[in-house]
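Trainee: I am new to this structure. Please show me how to read it.

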Amino acid sequence: MEISPAARSELTPQGKLRVGLNYGNFLLVLKDGPGGEPRGIAPDLGRELGRRLGVPVEFLKFEQAGKLADAVKDGKCDVGFLGAEPQRASEIAFTAAYLEIPVTFLVPAGSPIRSLGDIDREGVRIAVSDRSAYDLFLTRTLGKAQLVRAQGIDASYQLFVEKKLDALAGLKPRLVSDAEKLPGSRVLEGQVTGVQQAVGTPKARSAAAAYLSEFVADLHQSGLVKKIAAEHGVRGVVVR
């Protein structure tokens, strides 16, 4: 893949590639290695992009997707690995998705909620991680149920348990793990949406966006994302 001078300038305005990571997404960003180096699918893809550009990579770490989105929008990150949502796409140029993470709900033991069709009803209170991609989706699509927001995935689980809420919205692989801690709880079958994990850059950087789209297309063709996911033992995602 060749890169134009304009794309190189837009991707590396400081002579390095500043890559934003969402540490709240445990599927894409694992715990740091012994030397403090980020591990996981997103960090590895960031390194691969830096390798192709021939520049050093600086990782910027964020605890929540909303804060990462703000940093990409404001140009504090040159690229960010996060969910492509319509609300974010007005300020961030996204590639096609390189993988998808299914989203559903966890309900407590004895819940009358049996399926996804039972969720959007009056009086149903749902814990959700504030400004996550699925929070943005549910905010647009729910008409009757109430979203109760917490700062991050771990906090949304605690809120669900402590406030005895009716459901917890989240990434299906995490909800399956959460259900093991709550006897009798159930993960609802199917998915309400899928978070489209993509690469984003500030909206005004059109040349950078074009190059990143080619980069993701090459990832699809080469099978690199599937290979990296297998190396890190990541399951429950759909690789594009």
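Trainee: How many Å should the 17 residues of α8 span, at 1.5 Å a residue?

Mentor: Some ground rules come before the answer. This is a predicted model, where local features need pLDDT of at least 70, side-chain atom pairs count only at pLDDT 80 or more, and totals for chains, interfaces and linings use all residues. Residues are numbered from 1 along each chain as its sequence is written, and side-chain values use heavy atoms, with hydrogens and water left out.

Mentor: Helices (H or I, at least four residues) and strands (E, at least two) are DSSP runs, numbered from the N terminus. The expected span of a helix is 1.5 Å times one less than its number of residues. For α8 that gives 24 Å, and its end C-alpha atoms are 24 Å apart, which agrees.

Trainee: Which residues of α8 are buried?

Mentor: Buried means under 20% relative accessible area, exposed over 50%, and partly exposed in between, using a 1.4 Å probe and protein chains only. In α8 the buried residues are Ala 207, Ala 208, Ala 209, Tyr 211, Leu 212, Phe 215, Val 216 and Leu 219.

Trainee: What covers the buried residues of α8?

Mentor: Judge cover by contact, meaning heavy atoms within 4.5 Å. The cover of α8 includes α1, α2, β3, β4, β10 and α9. After α8 comes Gly 223, with a positive phi near 75 degrees.

Trainee: Where do the buried residues of α9 fall, seen down its axis?

Mentor: Take the directions from the helix axis to the C-beta atoms; the arc is theirs. Leu 224, Val 225, Ile 228 and Ala 229 are buried in α9. They fall within an arc of 135 degrees, so they line one face of the helix. Exposed Lys 226 and Ala 230 sit on the face turned away from that buried side. Elements covering the buried residues of α9 include α2, β5, α8 and β11.

Trainee: In which sense do strands β1 and β2 pair?

Mentor: Strands pair if DSSP finds at least two bridges between them. Here β1 (residues 17-22) and β2 (residues 57-62) are parallel, over six bridges. Leu 17 has Val 57 as its bridge partner in β2.

Trainee: Is Val 128 buried or exposed?

Mentor: Val 128 counts as buried, because its relative accessibility is 0%. Val 128 lies in strand β6. Its contacts beyond four places in sequence include Tyr 134, Leu 147 and Ala 169.
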